[in-house]
Each structure stands twice: as structure tokens, then as C-alpha cells.
Amino acid sequence: MENSQGALDNSSVRESVDGANWENIQMQQDKELATKQLQDANGVKSSLLTVNGKVYDVAPFLDLHPGGPDLIAEHLNGKDVGRLMKGLDEPGAHAHSKAAMKMLQQFLLKDLTEKRVEEPQKSEKKFQVDLTKPLVPQVGYLGKDYDEWVHTPIISKESPRFFESDFLESFTRSEWWTIPLVWGPLVLWLEIRALKLGVPLEKLLPAMLLGYGMWSILEYFLHRFLFHMKANTYWTATAHYLLHGFHHKHPMDSRRIVFPPAFATPIVFLTWLFVKAIFPDGFSHCVFGGVMLGYIVYDLTHYFLHFGNGFTHQLRHMKRYHLNHHFKVQTEGFGVTSEVWDWVFRTLPANYRSELFRKDK
């Protein structure tokens with residue numbers, strides 16, 4: 001059945017297969033072999049999944065699957081899982097959403113040298129975003145179709161261009177380490193300033209913890225009401241895409257996970273004015289230092305949940321919880337560093353209400 005190079009000996013198989021079916025088998029075999037050779041040449045390991053007769057290489061998505069990579073891995077290179085993805089055949093299986101099935105098409109086996117682009121909309125009347133051109137000036141024209149478009153992720157590490165201007169474009173990307181580098185010294189200065197203004201040393205930590213707690217609820221409200229605001233006009237869609245929509249569209253764009261300091265500065269300044277209006281000098285510095293420390297922890301945690309491998313049960317749970325927000329239900333699960341406020345404000349995803357503290361088996 002195999003020759004010296006390990007390929008199938010087609011002569012013994014063809015005798016038992018009619019011409020039409022043989023052509024289909026041959027085409028599929030050639031496609032998979034060509035893809036595997038190309039992936040091997042690039043040092044990429046394939047993970048083939050069969051859904052409704054079509055073969056997909058889901059290797060880029062394994063670590064992003066909300067249920068964890070093991071749930072996909074056990075079905076790789078095996079039977080067709082089309083019915084399983086509809087919630088049939090296996091106890092506990094759930095029907096995958098329309099958006100999930102659409103996202104799957106990105107991984108259909110094809111010539112990997114082709115540039116990944118989105119398929120055009122079925123209706124010619126709908127605006128089509130050209131991914132090869134700056135995106136920010138385009139997304140507003142989607143109108144009422146923007147929400148569906150932005151919540152159909154592209155699983156690629158490519159970093160799309162936002163603006164035609166190189167100057168504006170330079171402000172849209174940031175490495176993860178810029179967050180502690182830029183804001184860490186500010187936290188240290190605020191606490192030193194608080195001591196110089198007369199805050200007792202024993203009250204420094206409680207005041208910082210108060211600020212940290214203030215950040216926790218601010219994180220929730222910003223994510224829920226600003227980053228997920230309704231956007232169905234040109235300007236609201238454009239604003240949403242710049243604030244947060246790009247992250248849902250390109251969740252693996254590593255240089256746009258953390259908030260660029262240039263964009264964060266206005267929010268930081270407004271938050272400082274708010275804290276300063278509540279607390280007297282000294283305590284306001286100390287509390288605001290706790291707020292900024294909470295922000296640093298938030299952005300670094302967010303980056304880790306996308307690109308890190310959880311080495312504890314809690315980290316693995318946090319990763320699944322956040323990816324559930326990205327790929328299953330974007331209208332719930334707004335907490336990143338904590339799920340407390342999702343509990344309080346009833347936005348905890350239904351599939352987590354009964355298993356929040358369940359340990360991995």
C-alpha cells in the first residue's frame with residue numbers, strides 16, 4: 001500500500017473505487033499532501049479536523065479554543081465532527097454558533113501561499129472591507145453590518161494597517177513591556193509623593209488596595225459600556241473599532257493587545273482628576289497609585305491570557321473564561337482579571353455559572 005517514500009500506492013486502491021469517487025479521493029489526497037509538504041517546509045505542524053466532509057487545519061486555533069485544546073485534539077485526524085459541532089451525537093456537546101462556523105472557514109485547506117482575505121459578502125449591496133488597505137477609514141461604512149463583521153475574528157498573527165499616515169500608525173502598536181516601563185515609574189513616584197505629603201507608612205498599603213479595587217470596577221465598566229458600546233453609524237463604528245473592535249477582529253495581533261500609552265493617557269488623566277476630587281492630597285496620590293498598579297496588572301494579564309500557557313488551574317480557567325468572551329458570547333464575561341463584577345451585575349456567561357470554581361479533571 002505504501003512505496004519507499006511512504007506515499008500511498010494508488011494501484012491497489014483504485015481497483016476497488018469507481019472513477020468519480022477515485023477522482024475525489026485523489027484530489028483530496030493531493031491537496032492534503034501539498035499542504036503538509038508546505039507546512040513541513042515552513043516548520044508548521046498541521047492539525048487536521050474534518051467537518052461535513054471538508055478538511056481544516058486548525059493548528060493556529062488550538063490554544064484559542066474556549067474549551068481548551070484537548071477538546072479539539074481528541075477529534076483530530078479522525079471521524080467527521082460535523083454533527084458534533086451541531087450539538088448532536090455526544091452528551092454535553094453544544095451547537096456552535098453561526099459566527100464559529102464562519103470563522104472555521106479560515107482554516108479550510110488551500111494553497112497557504114495565498115494571502116488571507118475575507119470572502120466577499122453574498123449581497124453586492126453590502127460594503128466589503130478590503131483587508132489590504134487601512135481599515136479605520138473603512139469600517140464605518142459597514143453600518144448595521146459592523147457588529148457581525150467585527151465579531152467574526154480573523155485568527156492570524158498579521159497586524160493590519162489602521163491608517164495611511166505612518167505618523168498615526170506609529171501610535172497604534174505597543175509592545176507588552178511598555179506598560180510596566182511607562183506606568184511603573186508613575187506608581188513609584190505617586191507612593192513616594194504620598195509619603196512626602198504626610199501619609200503614614202502604615203496607611204500606604206490600605207490606600208493602595210482601595211485604589212486597586214477602584215480599578216477593578218473601572219475595568220469592568222470600561223469594558224462593558226465603552227469597549228462594547230452599540231455601533232451602527234459611521235462614527236460610532238469607527239470609534240468602537242479604534243477602542244476595542246480591532247481586538248475582537250484580530251485577537252492574535254500581539255502588538256495591539258495592550259493599550260498604547262498615547263491612547264491611554266487621556267483616560268489616565270481623567271481618572272486622576274476623579275480620584276483627586278474625592279481624596280485629599282497625599283491620599284489621592286496613594287490611591288491613584290493603586291489604580292495604576294491595577295491597570296498594569298490588567299494589561300499584562302490580558303496579554304498573558306492570549307499568548308501564555310496557564311501553568312495553574314486558576315490561570316487556565318481565566319484563559320478559558322476570556323476566550324469564551326471572544327469566541328462564544330461577546331455580551332457577557334467582561335471581567336479580565338476578576339469575575340466578581342460579572343457575578344454582581346449578572347453578566348456571568350451561562351456556561352460558567354455552575355462551573356466557575358470546578359477543578360480540571
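T50 stands opposite V55 in β2. The model is predicted, with local features requiring pLDDT of at least 70 and side-chain atom pairs pLDDT 80 or more, while totals for chains, interfaces and linings use all residues. Residues are numbered from 1 along each chain as its sequence is written, and side-chain values use heavy atoms, without hydrogens and water.

**Strands β1 and β2**

- Strand β1 (residues 48–51) and strand β2 (residues 54–57) run antiparallel and are joined by 4 bridges; pairing requires at least two DSSP bridges.
- Strands are DSSP runs of E with at least two residues, and helices are runs of H or I with at least four.
- The β1–β2 hairpin has 2 residues between the strands, and N52 has a positive phi near 55°.

**Helices α9 and α13**

- The axes (lines fitted to C-alpha atoms over the stretch in contact, with angles from 0 to 180 degrees between N-to-C directions) of α9 (residues 178–196) and α13 (residues 283–307) come within 8 Å and cross at roughly 160°.
- α9 is therefore roughly antiparallel to α13, a term for angles over 145 degrees.
- Contact means heavy atoms within 4.5 Å; in α9 the residues meeting α13 include W183, L186, W189 and L190, and those on the α13 side include F288, M292, Y295 and I296.
- The residues of this contact divide into 15 nonpolar, 4 polar and 3 charged.

**Y303**

- Y303 lies in helix α13.
- Leaving aside neighbours within four places in sequence, Y303 is in contact with W176, S254, I257, V258 and G308.
- Y303 and E175 are 128 residues apart in sequence, with a C-alpha to C-alpha distance of 9.9 Å.

Notes:
Angles under 35 degrees count as roughly parallel, over 145 as roughly antiparallel, 65 to 115 as roughly perpendicular and the rest as oblique. Ala, Val, Leu, Ile, Met, Phe, Trp, Tyr, Cys and Pro count as nonpolar, Asp, Glu, Lys and Arg as charged, and the others, Gly among them, as polar.
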